[in-house]
Amino acid sequence: MKRDYYEVLGVTRGADVSDVKKAYRRLARELHPDVNGHDPQAEEKFKEATEAYEVLSDAQKRRTYDTYGHEGLRRGGGTAGGGFTDFSDIFDAFFGGDMFGGGGADIFGRATGRRSRTTRGRDVTLSLQIDLQEAAFGASHEVEVELLDTCPVCGGARTTDPASVKSCPDCGGTGARRSVRSTPLGQFIQTGACPTCRGEGQTISQPCEECKGQGRTRQHKTIEVDVPAGIADGQRLRFAAQGEAGAGGGPPGDLYVEISVAPHPEFERDGDDILSRKDITMVEAALGTTISVATLDGEEEVVLPPGTQPGEVKVLRARGVPHLRRSGRGDHHVLLNVMVPQDLTAAQKDLLRDFDESCGPEHYDLKEEGIFQRIKHLFTR
Ligand SMILES: [Zn+2]
Ligand SMILES: [Zn+2]
């Protein structure tokens, strides 16, 4: 459903071209990305306003629209708003040039072709170390940061006295200075930033004392960082618009928190799987036993059957790290390390020899081969 163009711009059907321009200019100011950040809704509204403006400011298109409505424009071929797909395209097309006249200044009262007055704040990157448990299940941390933020006294307006803001007398508020340069090839007109106001188009006689008229001050902030469950070492979290404040009313930068996960004394992490090692005695391996295994969820009992082999791996399903931003968890792999006793007494040795004599090759017939090959990377870290 397309809205009526007159309604979009908020003008009457009898409005003349200058009213249409005025209405569009007002909307453009409201919806400008420097004011709204990157608000997709503002972008949509601006596109709609631009389309309405293109039609209502063009006598022929407007006649067609008045007579046949939106349908008439579609049939007529010259689709309104066509060709512009990107917000910035539209802005450049309309405001990059001298669309509204007015001596080299765009509708925002700034010198044309110069955008340095409003700059986006810098991105800030912090690092945060957490432990494996926190990486697995998520955690909330307070992080201290020092950055340029909007001045708390003037709220970024750079002065507390609005009356002290004056249009720059040297450039008439355009922020631009034109100079004529003579060369053997002729005269060139150059447009540069006005040196008096540094291109800002205005002067402030009573700058805010707190920020010295900068609109930003260095501030100490505490930021609450919610670490999502399943995060891995080296991943970055982005906090939109939490970075430095922009200059001259520009949008703020983003804050990034780089996560490092401290090594765990017992667990290795392999993707979302956890690997750990458990020592059992030769006798336990031969007779079978129940062991207690430390997992992210605490101790867990694991039954080992008789004849458990060195290097065998027990897999505890879904006891690993939860997947980041999706359901399910990795597994916990327990590598069984069979210990062989040392420093035996003569009596113990005799027992083992007797035992060995009773034990034929059929007792060493391994059903599963190659286990060690599969998990040997665990030993070579
Ligand atoms: Zn201030
Ligand atoms: Zn100036």
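**View 1. Isoleucine 274 and its contacts.** Setting aside neighbours within four places in sequence, isoleucine 274 touches Phe267, Arg269, Leu296, Gly320, Val321, Gly330 and His332; two residues are in contact if their C-beta atoms, placed from the backbone, lie within 7 Å. Please keep in mind that this is a predicted model, in which local features need pLDDT of at least 70, side-chain atom pairs count only at pLDDT 80 or more, and totals for chains, interfaces and linings use all residues. Residues are numbered from 1 along each chain as its sequence is written, while chains are lettered from A and ligands numbered from 1 in the order in which they are written.

**View 2. The largest nonpolar core.** This core holds 18 residues, and Leu132, Ala135, Ala136, Ile259 and Ile274 have the most contacts inside it. A nonpolar core is a set of buried Ala, Val, Leu, Ile, Met, Phe, Trp, Tyr and Cys residues joined through C-beta atoms within 7 Å. Buried residues have 20 or more other C-beta atoms within 10 Å of their own, the C-beta atoms being placed from the backbone. Two or more residues come from each of α7 (132-137), β2 (139-150), β9 (255-261) and β11, where helices (H or I, at least four residues) and strands (E, at least two) are DSSP runs numbered from the N terminus. The largest share is that of β9, with four residues. Because domain 2 (124-261) and domain 3 (268-378) both contribute residues, the core lies between them; the domain bounds come from an automatic or database domain assignment.

**View 3. A four-stranded open sheet.** The strand order is β10-β11-β15-β14, with mixed pairing; two strands pair if DSSP finds at least two bridges between them. At the edges are β10 (268-270) and β14 (313-316), each pairing on one side only. Strands β11 (residues 273-281) and β15 (residues 332-339) run parallel and are joined by eight bridges. One to look for: arginine 277 has leucine 335 of β15 as its bridge partner.

**View 4. Where to read with care.** The predictor's confidence in each residue, pLDDT, runs from 0 to 100, and its mean over the protein chain is 83. Helix α6 (residues 87-96) has the lowest confidence, at a mean of 47, and strand β12 (residues 289-295) the highest, at 97. Residues 76-90 stay under 50, with 22 contacts beyond four places in sequence in the model. Where pLDDT is low, the predicted coordinates should not be read in detail.

Technical notes. Buried ≥ 20, exposed ≤ 12 C-beta atoms within 10 Å, placed from the backbone.
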